[in-house]
Amino acid sequence: MNLSGEHRINAPREVVWRALNDPVILHQAIPGCEAVEQESPTSFTARVKAKIGPVSAVFSGRVELKDLDPPAGCVISAEGTGGVAGFASGDARITLREDGQATLLGYDAEGKVGGKLAQVGARLVEASANKITNAFFSRLDGLVALPETPPPQSTDESPTIGHRRQEVPLERVLIGLVAALVIALGVVAAFLQ
Amino acid sequence: MYAFRYHRAGSIDEAVRLHGSCEDPGYLAGGHTLLPTLKMRLAQPSDLIDLGDIDALKHTATTSGALTIGAGVRHNDVARMSHSIPALAGLAGGIGDFQVRNRGTLGGSIANADPAADYPAACVGLGATVVTDRRQIAADDFFVDLFETALEEGELVTSVIFPAPRRAAYMKFPNPASRYAIVGVFVAWTDSGMRVAVTGAGASVFRVADMEAALARDFSPDALADIRIPEDGLNNDIHATPDYRAHLVTVMARRAVVRANASSDGVRL
């Protein structure tokens, strides 16, 4: 299945990155997230308790980052397993663009679902994935959105901070996004179709 | 299936009280979505509260132009109520197969809020009111998103009040295996205006304002001929693309108007 879209996060890129570098914020942004852990500079695991309709399961997702090109984007490779529920895997291309005071985060993911999920949940995979990613972005926006007047005092420092932190925050964006995508792919279903 | 504790509630109060005292509970109505989910180990509730013994959920009453159906009434029983709101009875008779209709309940269906379920179209199409153990919710506000309703934790649907329409009909394009609606459209000419409710096409049931306005001017299938809903956000799966679903909405809506006009002998409660 293909999952793509673009979300506008109502904060400058700097702010979005800083916020996304904060594991506490990520926890709050990923629906049902129980843990995010860093295994190496380019790999992470996330554990998420997901609930959609009657289905409720704990999914573990593993994420690898490739083709890192901060701050323009990269490719992420993810796989998630949910025990007997099945597994999901996929690649997603992420792009970040500035839009005035806001940030446009685009994603284009190609995923596969296997096991029980694929047998019984086919009709609900995409709808569930969309719901979870939308929830992720609206929570994220709620957490990082700026008041209408941006604080001027940070302008001096931000280029340096931005440069130094570009890689890490980008990765964090991806974890959040990928966790959302993985769960979405993974969670889906028990509806006999 | 994982182990869970089983409770059989004798009253609405007892069911809600039990729900509040358990760690990770669920209500069991007809069980036609929940039990397959449990059998596949895709859910693991600590407690299930069976609602099958609660007589208060099985009442049906007709009062002043409205039909009130208990949440525990099964699809096949609603299908036999063709004397009151034929469109609603017809819809219930087309849910799943005979076995599903013999077990599945009105309350269970709408509380689950499957995007392809039939009953949400009837609730929104007729402008129904959902009654719970603690309040009344307009159907327009009840269905929120994919498998998401306005119900609070532990809140139990007890009945649904369906106002009788002047004319109404439901048409669906069913999945040939499951009979779930790939697209289903409920069209109703009600005392408070035209209502067109679509199920199966999006994440949740929705109304089509353009079609309602067109039908208010002319209640005929031709009034809908040139109205095509945008495909953005419509469901995509192995059965149908968003583009195809958008097309089906217009086709099913037109057929529903034809049927509503054909059965215009009227409904008077």
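Me: What share of the 269 residues in chain B is buried?
Reply: Buried residues account for 50% of the 269 in chain B. The model is a predicted one.

Me: What makes chain B agree with a compact globule?
Reply: For 269 residues, a compact globule would have a radius of gyration near 18 Å, and chain B has 18 Å, so the two agree. Along the principal axes, the C-alpha atoms of chain B fill a box of roughly 55 × 45 × 30 Å.

Me: Why is Ala102(A) called partly exposed?
Reply: A buried residue needs 20 or more other C-beta atoms within 10 Å, and an exposed one has 12 or fewer. Ala102(A) has 19 C-beta neighbours inside 10 Å, so Ala102(A) counts as partly exposed.

Me: Where is Ala102(A), and what is Ala102(A) in contact with beyond its neighbours within four places in sequence?
Reply: Ala102(A) lies in strand β7 of chain A, residues 102–114. With those sequence neighbours left aside, Ala102(A) is in contact with Arg8(A), Ile9(A), Asn10(A) and Ala11(A). From Ala102(A) to Lys131(A) the separation is 29 residues in sequence and 23 Å in space, C-alpha to C-alpha.

Me: Which residues touch the most other members of the largest nonpolar core?
Reply: That core has 126 residues, and the ones that touch the most other members are Cys123(B), Val183(B), Val185(B), Val187(B), Val198(B), Ala253(B) and Ala256(B). Helix α4 of chain A, residues 125–144, gives the largest share of this core, eight residues. Domain 1 (5–52) and domain 2 (58–262) of chain B each supply at least three residues to this core.

Me: What is Cys123(B) in contact with, leaving aside its neighbours within four places in sequence?
Reply: The contacts of Cys123(B) are Ile110(B), Ala128(B), Val130(B), Ala139(B), Phe142(B) and Val160(B).

Me: Which residues of helix α4 of chain B are buried, and what covers them?
Reply: In this helix, residues 86–93, the buried ones are Pro86(B), Ala87(B), Leu88(B), Leu91(B) and Ala92(B). Among the elements that cover the buried residues of α4(B) are α3 (75–79), α7 (119–125), β10 (157–163) and β11 (167–174) of chain B.

Me: How many helices and strands does chain A have, and how many does chain B have?
Reply: Chain A has six helices and seven strands, in the order β-α-α-β-β-β-β-β-β-α-α-α-α from the N terminus. Chain B has ten helices and 14 strands.

Me: What share of chain A is buried, and what share of its contacts join residues at least 24 apart?
Reply: Of its 193 residues, 48% count as buried. Among chain A contacts between residues at least 6 apart in sequence, 66% join residues at least 24 apart.

Key
Residues numbered from 1 in each chain as written. Chains lettered and ligands numbered in written order. Predicted model: local features only at pLDDT ≥ 70, side-chain atom pairs only at ≥ 80, totals over all residues. Core = buried A, V, L, I, M, F, W, Y, C linked by C-beta atoms within 7 Å. Helix = DSSP H or I, 4+ residues; strand = E, 2+ residues; numbered from the N terminus. Domains from an automatic or database assignment. Contact = placed C-beta atoms within 7 Å. Rg over C-alpha atoms; globule rule 2.2 N^0.38 Å.
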